Amino acid sequence: MSSHGYVLRKVPAAQWKQWDQFVNEHPRGHFLQSWGWGELKANGGWYPLRLALMDEQQQQIVAAAQVLCRTPAHLPLWTGHLAYIPKGPVIDWSQPQLCQAFFTQLNAYLRQRGALALRMEPNQEVKALEQVPMTASFIVGESCLGDRHESAGGSPPPLAGTLSGGEVTLPLLLYPVPPIQPVRTILLDLAPDEATLLAHMKEKWRYNLRLAERKGVKVREARTREDVHAWYALMQTTSERDHFGIHTLDYYLRAWHTFVPRQQARLFLAEYGGQVLAGIFVALFAGQGIYLYGASGDEHRNLMPNYLLQWEAIRWAKQQGATQYDFGGIAATDNENDPLAGIYRFKRGWGGEVVRFVGCYEHIYRPVAMKLAKRYVPKLV
């Protein structure tokens with residue numbers, strides 16, 4: 001037990017509801033830290049490890065991290081694995097003692113179990129740097145913005161994780177690495193009423209969603225496997241048309257079966273004359289609606305089904321108590337020649353705010369083994 005009475009424990013499957021409650025109610029909670037997200041990724045070669053820091057006196061969770069672990073060729077974790085925390089950990093960065101206890105024990109836990117490296121992408125916006133005290137320099141300090149100087153040896157210096165002006169130092173060095181999740185997104189504040197949300201959109205966006213309504217496009221929730229199959233056919237069309245990869249049908253079915261019964265997601269379909277024209281998969285967790293996956297066919301695009309879909313998803317998220325709608329990532333820059341520039345323009349028109357996250361950081365436990373993993377097992381890293 002630490003001097004502050006905090007102990008890191010592995011959370012058993014029987015306690016998934018308690019886990020989700022903590023993450024869902026925490027200000028730094030995120031859908032990618034939900035129990036179901038770990039279940040979904042477990043079918044794709046990841047081993048989800050849910051670790052909670054317990055306050056032994058209060059008998060409650062005070063911090064948590066869903067760590068996704070991957071090994072080459074499905075070998076046991078002790079042979080060496082990559083540990084990855086997407087949009088986490090779920091922790092109050094303004095509490096130095098809490099951060100010290102959590103990372104000290106997390107570091108020891110992963111090292112003992114054979115981790116090659118730890119990567120994490122905190123659910124922390126860059127703009128929060130001006131609002132949060134200098135409590136964890138690797139997360140909320142200037143160094144996380146990429147404005148770092150080369151060391152004498154030519155390699156970038158580590159981010160040492162000093163807390164509270166040097167009073168406490170975290171037990172690991174963190175280097176910036178290429179992000180896995182989008183570093184930018186657009187967040188729409190759902191506090192205003194619907195009339196105000198409409199007024200803040202670009203005029204063309206209001207016109208298009210109303211055009212879809214006038215022309216008879218209807219939006220409904222997917223309720224059967226056949227609905228998911230129909231949507232996946234549109235995903236295949238979209239993938240071929242817009243040149244991006246997609247998951248298998250089984251992946252999306254698993255996502256639908258996992259999150260919809262828990263009231264953590266919904267698949268919206270836009271129909272015209274009984275034909276499914278488009279659909280979007282939207283998560284609902286930790287006070288956010290999150291646009292995850294979208295697809296549209298090649299027919300009746302002039303009816304603007306995608307506009308009505310997004311509006312109905314926004315309305316649904318707001319009605320369910322969400323305070324934000326996350327449009328699911330945009331290009332890292334405003335470059336008009338970026339392949340994702342068109343997607344950026346579509347998402348920008350809804351009146352939300354562009355935000356940037358602090359990015360991805362890595363601590364390496366076994367440098368030689370990690371170097372070999374990067375060379376011979378690229379899917380691992």
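This is a predicted model: local features need pLDDT of at least 70, side-chain atom pairs count only at pLDDT 80 or more; totals for chains, interfaces and linings use all residues.
How many nonpolar, polar and charged residues does the lining of the largest cavity have? By class, that lining has four nonpolar, two polar and two charged residues.

**Cavity**
- The structure holds one cavity of 30 Å³ or more.
- A volume of about 50 Å³ is found for the largest cavity.
- Residues K87, E121, P122, Q181, P182, V183, F357 and G359 line the largest cavity.

**Helix 2 with helix 8**
- Helix 2 spans residues 35-42 and helix 8 spans residues 249-259; the two pack at an angle of about 155 degrees, with their axes 10 Å apart.
- Angles over 145 degrees count as roughly antiparallel, and helix 2 and helix 8 are therefore roughly antiparallel to each other.
- The crossing of helix 2 past helix 8 is right-handed.
- On the helix 2 side, the contact involves G36, W37, E39, L40 and K41, which meet Y251, R254, A255, T258 and F259 of helix 8.
- This contact of helix 2 with helix 8 comprises five nonpolar, two polar and three charged residues.

**Helix 7 with helix 8**
- Helix 7 covers residues 225-242, and its axis comes within 10 Å of that of helix 8, crossing at roughly 135 degrees.
- Helix 7 and helix 8 are therefore oblique to each other.
- Helix 7 and helix 8 form a right-handed crossing.
- From helix 7, R225, V228, H229, W231, Y232 and M235 meet L249, Y252, L253, W256 and H257 in helix 8.
- By class, the helix 7 contact with helix 8 has eight nonpolar, two polar and one charged residues.

Technical notes: Residues are numbered from 1 along each chain as its sequence is written. Side-chain values use heavy atoms; hydrogens and water are left out. Axes are lines fitted to C-alpha atoms, for helices over the stretch in contact, and angles run from 0 to 180 degrees between N-to-C directions. Helices (H or I, at least four residues) and strands (E, at least two) are DSSP runs, numbered from the N terminus. Angles under 35 degrees count as roughly parallel, over 145 as roughly antiparallel, 65 to 115 as roughly perpendicular and the rest as oblique. A crossing is left-handed if the near helix is turned anticlockwise from the far one by less than a right angle, and right-handed if clockwise. Contact means heavy atoms within 4.5 Å. Ala, Val, Leu, Ile, Met, Phe, Trp, Tyr, Cys and Pro count as nonpolar, Asp, Glu, Lys and Arg as charged, and the others, Gly among them, as polar. On a 1 Å grid over the protein atoms alone, a cavity is a set of points where a 1.4 Å probe fits but cannot get out, and a pocket is an open set with protein on both sides within 12 Å along at least five of seven lines; lining residues have an atom within 4 Å of a point. Grid points are joined across faces, edges and corners, and a volume is the space filled by probe spheres set on the points.
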